[in-house]
Amino acid sequence: MSTSDTRTAPAPALPESRRRIHREAGLGVVLVVLVALFATLTPRFATGDTFAQIGTDLSIVLIVAVGQALVLFTRNIDVSVGSTVGLTAYLAASLTAAVPGLPLVLTVLVACLLGAALGAVNGALVATLKVPSIMVTLGTLYIFRGINSALAGSSQITAQNLPDSYSAIATGTVLGIPLMFLYALAVAGLAHLVIRHTFTGRAMLAVGSDPASAERTGIASKRLVFGAYTVTGLLCGLAGVLWGARYGTVDSSVATGFELVVLAAVVVGGVRITGGVGTVGGVVLGAAILSVISTGLALADVSPFWLQAIQGLVIILAITFDLVLRRRLESRGVST
Amino acid sequence: MTAQTTGRQSPTPVPAAVRRRLPSWFGTWEITLLALVVLAVALASATSPYFATGQNFSISATGALGLSLMVVPMAWLMVAGEIDLSVASTFALSATVFGLAVSGGLGTWPAIGLGVLTGAVAGLVNGLLVVDVGLPSLIVTIGTLGLYRGLSYVLLENRGISDLPPGLTTFAQENLPGTLVPYGFVAFVVVAVAAAVLLHRGALGRAVFAIGSNAQVARFSGLRVGAIKRGLFVFSGVVAAIAGIAYAGYISTVRASNGTGLELIVVGIVLIGGISMYGGKGSFVGVLLALLLVTVLTSWMTLGDAETAVQYMVTGLLMVGAVVVPALSRRLHMSRERRRSAGSVR
Amino acid sequence: MSTPVIELSGVAKRFGGVVAVRHVDLALFPGEVHALLGENGAGKSTLVNMLAGIHRPDAGAIIVDGAEVTIPNPRTSRALGISVVHQHPVTFPDLTVTENIMLAGPAPRRRTRLLDWGTARRHAREALARLDVHLDISAEVKHLSAADQQLLEIAKALDTGTRLLVLDEPTAALSTREVDRLMEIIARLKADGVSILFVGHRLNEVFALADRVSVSRDGATVVTGPAHEFTPESAVGHMVGRSVETAFPKAEVELGPARLEVRGLSRRGAYTDVSFTVRRGEILGLAGLVGAGRTEIARGLFGLEPADSGEIVLDGAAVSIGSPQQAMRHGVAYVPEDRHSEGVVLEHSIGFNLPLALLERRPRLGLLSPQADRALAGDYIDRLRIRTSGPDQLLGALSGGNQQKVVIAKWLATDPSVLILDDPTKGIDVGAKAEVHQLISGMAERGLTIILISNELEELLAVSDRVITFYRGAQGPEFDRRPFDAEQVLAAMTGQVSDVHV
Amino acid sequence: AAEPSGPPPPRPVRDCNLTMIPKNTDNPYFAAVRTGMVDAQRELGGDLSFVGPAAGDVTGQIQRIQSGRQRGSCVIGISAVDSSAVAPALDAARADGSRVISYDADVSDGSRGLFVNMATADELGRAQFEILARAMGNTGEFGIVSSQSTAEVTNGWIDVMIAQLDEAEYSGMRLVRTSYGDDDAKKSYDAAVALLRAHPNLRGIMAPTPIAMEASVKAATDLGVADRVVVTGLGNPGNQAELLKTGQVPAYVLWSPRDLGYLTYYAAAAYTAGEITGRAGETFAAGRLGRKTIGPGGEVVMGHPITFTQDNVDRYLHDFETTG
Ligand SMILES: Nc1ncnc2c1ncn2[C@@H]1O[C@H](COP(=O)(O)OP(=O)(O)OP(=O)(O)O)[C@@H](O)[C@H]1O
Ligand SMILES: Nc1ncnc2c1ncn2[C@@H]1O[C@H](COP(=O)(O)OP(=O)(O)OP(=O)(O)O)[C@@H](O)[C@H]1O
Ligand SMILES: [Mg+2]
Ligand SMILES: [Mg+2]
């Protein structure tokens, strides 16, 4: 939860002519290096199939990570995302199983609305009562999971209980590009537009950068925080549907511990946990890096007993590399 | 509170200054927690004849040892504005090294030493990455969470070691002879009291609060921000190692999976204890009360055969309620105050 | 004059048990510069915050164009034509200069409702050009110096539609050049009929500007009148409620041997080839404009950002100072320039903050005595007249000037032998400033070595034994007290001279 | 832990609290086990507490053991997540006068008086392996997607399968990798995808746990290799009958969880009533299952594995009911 702020002295203000690169450039390089590395390790890596798989694999994480990033921008956090995904996945799947003829669009809509409602609960508590978001969402993490467990009990909904069209939401492709990836890209693209090119988006970052200043400027912090949580919930709802569609089996434990995966993607993507800093592009790269690592290691057929250790190591190396690269560039007078 | 400070410079009447303040380590949040503990104990005693017994105390305290120990350094780290999510993995890795050493024929103490050293190194690596490389601790320790847990799997694969020294299992499982007080509980109380006093009364504790509130100010005040943070990560690793070894003694087994997921419970307790995720705030007394609360609730609900779903919902409602109810009452109080003062003027 | 733009009638505001504003009446007319004076903690910023829509008055009325209004939030305030420069910059450190300016006002949008970045950048450039400041508009604000942030704040407030411009100590972090520029702008706005409420502690500025003056004491306006009816002394008398000494004559001190010597100190991008000697009992002033590199030299001496090359000699022996701990071991102390980010921990009490710089000397595992902390705090609360409800008060609830006093006290408490003060009296009221000067002077008498950086030339010349000028990171001419020739010092600071050698 | 001072006095099951701890409650398999226990309880009486953690974890099991011990349960029965880790808690319960039995998944020897096993590991391993071998024509590469790497029962079966590979008949088969899905749908799916992609010549996946089987079938289908990759292993007809009927899985193995619960309850009743002590050769009446004999090591083997196919699966659905 620290940043390196304490170590870097304020740089002198300099004229406008300074060279500039995107903060995400370092991450981009990391991604390319990783891809190159795995491609040399395993010939099977550099194939269309692999990229399709990576694209599918990162999608659910990315969709939720975009939401989480919005919340983090405002100097809040949502650790209930795993439970929200789990609960909406269960509700969406059981709805589909119970009402066979239900149009899929409706299922997706219902799941998104349910998710948004759960997110709104978080948002209302955090925004209006100004209580620490970590406490609220840790609480709802348990509550939502408890509801899920109470509803699902020992039952499991499997692909056999669901229409084929349900699973097709996740497994379909367009021109060889996985549908899931397209959904995720659409979500990320929209989020990028809002964050980068609307007042609302910039104001969200402002709230996280300095909440007191936001108040003094008259930015409607409450509405923004509430909105960020609601959108996150909505995206969790979408992710819930996709989860069920992709993995086939839905029980009371769907997406347990998913919050850490999401946080990892977001933070690797350069979003600061204490708010005010980050881009949607970074989040996309963060999710992609993590997915490339896990897919690459899986293809390399690493022993399962080594998998976790190597994955942890590669994550650390990747973020260190990114940081060192950025420092290098900065010392050469390129600002990021 | 001294009278001299209020008199001369502020002719304005300041009743707030005269009112005695609650100490920083026992504020309204700690009172809330204490009330919740009392309520939970009362309900549990009323509904289960097995709750308010010496045996239950002994069993609960023994079972909570590993968790309780790990809460201590996590509280310190989070006050300093950092976090260590790798604790449960260090917990397993150190126990693994210890277990391998024991089964390799090393004596109990040297094996413990080796295990603790492992924890210290694991903590140091975290510290170096955070302080010297400058990476955020959250992501560093998510990485080492995987790395350390993974190393345990590399070392043990799917094997377990259950031939542990009897001295250790006795320490981790049994009570002081003739009492219902577990050995481990005594050890924990010593550690906890020392940690509490040092945090709230010690120079180091003060420094840690300053670092967590504003690391830049701390550095400008001549505090060794980096050294202290590094030290805290090592402390975290060492305690996680001790906890991991003790837990191995408790279940008489070392496995690579020992303590999986425990980090979130540890962090959860520290947060319930009122320590801010952003550092610089909170009280160790609150953390101890949170630990007590969680232990009491777990025991009560287990004795009542509550299903996991119910346990989750109770835990969650409690956490949300604990922050929401005081916030609501504060709001109510404030709006009433505002109305009153407005009324008195017009 | 015509009808007031804004009138405050009997407004009051309390925070819990603390009455910040008891009863203030104030009428602000178009085209006037109205100065509001008062001791630290007199309630000036609270008043400003009520105009800005941040605090709602508990009692009284705010009247705009003859009608009572409520200002529930900053947007309403702006809509009423009120622009505010707060005492502490209201910025978003992680966002760029352009974004900071954009977020303060109505943001330019395209028909698609998306932001129009081109226009936003143009607005930003224009706003800065109005003040004649040169900032990288795509730099993040956290990389700007305190002075630049303050300038940015002013630039943000200089909106067209402004009817009342409120400036709460806008010059605290500024040096002569920027202050002059601001004065020009104020004059121009005034000519355009804008009403200006100016809060400040530098009386010379105030009297150079103001048409009318109000003095507030203990949260109540005690007197209002045309500026020419006041003298600095009478104004201070009203502020304090008794007559006080506002200037202490610089004591003549017998200088001791050289204590600190700096030889050829350089740091890339900051300062080059800096050499000087300071003796025991001497007060050395460093003069320069904002950005001259004085702060960086001070940080170099304190081990925060060590110099790349050069030598630091203490009592004749070369030392290496690579960290603040090392500096402190050599008896060097540094009062930093930015109180919020470098000086004090806002969310903790005075009793917590005061002994902070002493901690490193305490045994790591030793215990602290809360009584001793409190006594220490109590002592300095008295000596520096810190207006507070007691040692347990949180720093964040203190007025700006009183926070600054805590920063100074924190370092005085370490009992240093070399004290570097970086703009120590910024935001401090006249009375307290005199006390700080007396304190510094007294320390010099006791043989301390003092390096003083100040943006207030008057202060620098009043207190220093010797002044070295800096211009853009290069050491310039040096002046001895005989007494100082302010004109020449100023010329050297602004890089216009190099021949006046002394 | 202290040894029990002597065998606790016999107590009729009617006056008893029985704490029966499954690995995890949110699991249709254990729900069916519970149904069987409730069947037996109707016949014998007694107070059944079927309690456990929602998701299998050692700490959760230990807490339930201790709660049973504090309540003075006359029997604590457990399907252990970890055979040695729960042993100290079981020992303490025994010292306090509870009788301890294990079912489904054993605990360390000496920490229980009786183990109710569904079938021997050897038979279960072979039964699963044979389906796979037959479907693969005894040749080709296959991989395993298991549950937790530390799940001892499953590991036991895998050992049996690996031993099978040494037989001449199966010399054409090769195990390329064992990976673990932790009984989690996503992890199992990812493990199966990894296996299929890293080994393009794979002909079969052995999934000795129902969640992994479901996930492997889905992975093979999604990757478009379902026609050449056989998936089989352990399945639960309760909610996986369709897998057989659609032909996605040729056959899979299990036993009757309902009978297992029923038998466990009967064994517990006989044990607490003092009819049996856990010595080999003792026999007891097990209601509709007839008389059962205790084998060596205090193990009661219920019967043989059942191989389910699309033809027979419907007949067994009764065994997987989860009502009550
Ligand atoms: N948020 C707050 N909570 C409690 N007390 C406050 C708060 N803000 C201000 N005060 C108190 O109100 C009084 C007036 O403060 P204010 O900031 O208005 O003073 P000021 O006149 O601006 O002083 P300065 O010249 O030092 O800036 C002070 O005693 C201060 O401690
Ligand atoms: N116009 C400029 N050209 C080159 N460098 C500059 C210019 N303006 C500022 N700088 C650099 O920016 C840095 C910031 O200066 P710093 O804050 O240390 O100066 P300062 O004299 O202490 O200012 P202040 O009076 O605000 O405290 C200086 O090192 C200076 O070299
Ligand atoms: Mg003020
Ligand atoms: Mg400066």
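Tutor: A residue is near a molecule or strand if one of its heavy atoms lies within 4 Å of it. By that rule 14 residues surround ligand 2, and the closest are G293(C), R294(C), T295(C), E296(C) and E337(C). This is a predicted model, in which local features need pLDDT of at least 70 and side-chain atom pairs count only at pLDDT 80 or more, while totals for chains, interfaces and linings use all residues. Residues are numbered from 1 along each chain as its sequence is written, chains are lettered from A and ligands numbered from 1 in the order in which they are written, and side-chain values use heavy atoms, without hydrogens and water.

Student: Why is the site of ligand 2 called shared between chains?

Tutor: Ligand 2 is surrounded by residues from both chain A and chain C, so its site is shared between chains.

Student: How do you know that E337(C) makes a polar contact with ligand 2, and at what distance?

Tutor: A polar contact is a pair of N or O atoms within 3.5 Å. An N or O atom in the side chain of E337(C) is 2.9 Å from an oxygen atom of ligand 2, so the pair meets the cut-off. Backbone atoms take part as well, with a polar backbone atom of G293(C) at 2.9 Å from an oxygen atom of the ligand and a backbone N or O atom of A270(C) at 3.2 Å. Taken alone, ligand 2 exposes 620 Å², of which the protein buries 77%, the areas coming from the Shrake-Rupley method with a 1.4 Å probe.

Student: What makes one say that ligand 1 lies between two domains, and which are they?

Tutor: The shell around ligand 1 receives residues from both domain 1 (6–240) and domain 3 (349–415) of chain C, so the ligand lies between them; the bounds come from an automatic or database domain assignment. There are 20 residues around ligand 1, and S45(C), T46(C), A397(C), S399(C) and G401(C) come nearest.

Student: Why is the pair F302(C) and W411(C) called edge-to-face?

Tutor: Rings pair if their centres lie within 6.5 Å, and planes over 60 degrees apart count as edge-to-face. The ring centres of F302(C) and W411(C) are 5.6 Å apart and their planes stand at 90°, so the pair is edge-to-face. The pair links distant parts of the chain, 109 residues apart, with F302(C) in the loop between α9 (294–301) and β14 (309–314) of chain C and W411(C) in helix α14 of chain C.

Student: Are F302(C), W411(C) and F142(D) buried or exposed, and how do you know?

Tutor: Buried means under 20% relative accessible area. F302(C) has 0% relative accessibility and therefore counts as buried, W411(C) counts as buried at 1%, and F142(D) is buried with a relative accessible area of 1%. F142(D) is found in strand β6 (residues 139–146) of chain D, and its C-alpha atom is separated by 8.7 Å from that of N201(D), 59 residues apart along the chain.

Technical notes:
Phe/Tyr/Trp six-rings, centres within 6.5 Å; stacked < 30°, edge-to-face > 60°. Helix = DSSP H or I, 4+ residues; strand = E, 2+ residues; numbered from the N terminus. Buried < 20%, exposed > 50% of the residue type's maximum accessible area, 1.4 Å probe, protein only. Polar contact = N/O pair within 3.5 Å; in protein donor to acceptor, adjacent residues only side chain to side chain.
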